[in-house]
Amino acid sequence: MHILVFSDIHGNLTALEAILAEAGHFDAAWCLGDLVGYGPDPNECIARIRELPNLQCIIGNHDAAALDQIDSDTFNPEARTAILWTRKILSDSSWNFLNGLPEKIELDEVTLAHGSPRHPVWEYLLDTRTATLNFDFFSTPLCFVGHTHLPVVYSMGTDNHLAHLNIPEPNQKLVLQTRSIVNPGSVGQPRDRDPRAAFAIYEPETKTWDYRRVAYKISEVQERMQGLGLPERHIHRLSAGW
Ligand code: ZN
């Protein structure tokens with residue numbers, strides 16, 4: 001079984017279409033939140049994601065902010081501008097879909113959370129210490145997260161002491177042998193200085209994590225953002241991947 005694992009699409013339909021084409025056949029799609037915010041195509045991204053097979057999807061902080069569940073003042077000024085724009089343009093159907101998303105999903109072997117299993121909507125897992133503490137907050141062997149836009153694998157050794165950090169190379173297949181918290185990176189706004197869209201294919205039978213990157217036409221997205229008057233900083237950072 002092939003499961004597409006992806007996160008932080010941020011309203012970037014061109015990047016989303018690129019990963020869907022590159023993924024090939026998959027039996028299920030697990031989306032780790034932040035479908036909207038920053039990018040020019042929030043409704044189109046939600047519509048495309050809703051039609052994916054056997055979809056599991058959780059809410060991210062930008063989705064919650066677009067629903068007005070989080071005060072937009074807690075975001076930086078440019079992110080706030082993008083959120084207010086998204087709120088305005090979100091269709092009733094998109095709003096209802098986002099509003100129905102859970103914060104966390106626990107499947108047989110994997111827990112899905114946007115930020116972390118401890119604080120699903122908000123916490124950033126940026127270091128091994130914070131990641132280690134989070135191993136006490138899920139009971140499945142694996143936990144898949146997004147939010148930082150940085151592809152990473154935190155795996156716990158048999159001593160259950162300190163998580164080990166591994167930043168995989170694109171197209172590197174890892175076997176998730178021990179308990180792990182894994183981030184596939186971001187589809188629509190990578191922040192690891194690689195502007196290509198990121199995703200992974202997970203095979204539960206072998207616990208294989210196949211992490212991939214794919215180039216897409218960034219300039220098309222930037223032109224749409226320019227036309228809509230979205231913040232310059234968000235337009236430029238797409239080409240640099242930060
Ligand atoms: Zn995000």
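This report covers the overall fold, the zinc site and several individual residues of a predicted model.

## Overall fold

The chain contains 8 helices and 12 strands. Its radius of gyration is 17 Å, close to the 18 Å that the globule rule gives for 242 residues, so the chain is as compact as a globular protein of that length. Along the principal axes, the C-alpha trace spans about 55 × 35 × 30 Å.

Of the 242 residues, 57% count as buried. The accessible surface comes to about 10,100 Å². Carbon and sulfur atoms account for 50% of that surface.

## The zinc site

Four residues supply the protein donors of the zinc ion: Asp8 (OD), His10 (NE2), Asp34 (OD) and His149 (NE2). These donors lie 2.1 to 2.3 Å from the zinc ion. Along the chain they follow the spacing D-x1-H-x23-D-x114-H. Asp8 sits in the loop between β1 (3-6) and α1 (13-23), while His149 sits in the loop between β6 (142-144) and β7 (152-156). The pair therefore ties together parts that are 141 residues apart in sequence.

For four tetrahedral donors, the ideal angle at a metal is 109.5 degrees.

## Burial and backbone at the zinc donors

Asp8 is buried, with a relative accessible area of 0%. Asp34 is also buried, at 1% relative accessibility. His149 is buried too, with a relative accessible area of 2%.

Asp34, in the loop between β2 (28-31) and α2, has a positive phi of about 55° although it is not a glycine. His149, in the loop between β6 and β7, has a positive phi of about 65° and is not a glycine either. Most residues other than glycine have a negative phi.

## Helix α1

Helix α1 has a buried set made up of Thr14, Ala15, Leu16, Ala18, Ile19, Leu20 and Ala23. What do the buried residues of α1 pack against? Their partners are β1, α2 (42-50), β11 (197-203), β12 (208-214) and α7 (218-228).

At the start of α1, a side-chain oxygen of Asn12 reaches to within 3.4 Å of the backbone nitrogen of Thr14. Just after α1, Gly24 takes a positive phi of about 70°.

Ser94 is placed in helix α5 (residues 92-99). At 3% relative accessibility, Ser94 is buried. Its side chain makes a polar contact of 2.6 Å with the side chain of Asn43. Beyond its neighbours within four places in sequence, Ser94 is in contact with Asn43 and Ile46.

Ser155 belongs to strand β7. Is Ser155 buried or exposed? Its relative accessibility is 17%, so Ser155 counts as buried; the cut-off for buried is under 20%. Setting aside neighbours within four places in sequence, Ser155 touches Phe135, Leu162, Ala163, His164, Thr178, Arg179 and Ser180.

## Trp242

Trp242 lies in the segment after α8 (232-240). It is partly exposed, with a relative accessible area of 28%.

Which residues does Trp242 contact, leaving aside its neighbours within four places in sequence? They are Pro190, Arg191, Arg193, Arg233 and Arg237. Trp242 and Pro190 are 52 residues apart in sequence. In space, the two are 5.9 Å apart, C-alpha to C-alpha.

Key: Residues numbered from 1 in each chain as written. Predicted model: local features only at pLDDT ≥ 70, side-chain atom pairs only at ≥ 80, totals over all residues. Heavy atoms only, no water. Donors = N, O, S within 2.8 Å, 3.2 Å for Na, K, Ca; no water. Helix = DSSP H or I, 4+ residues; strand = E, 2+ residues; numbered from the N terminus. Buried < 20%, exposed > 50% of the residue type's maximum accessible area, 1.4 Å probe, protein only. Contact = heavy atoms within 4.5 Å. Polar contact = N/O pair within 3.5 Å; in protein donor to acceptor, adjacent residues only side chain to side chain. Rg over C-alpha atoms; globule rule 2.2 N^0.38 Å. Areas by Shrake-Rupley, 256 points an atom, 1.4 Å probe, with all protein chains shown as cover.
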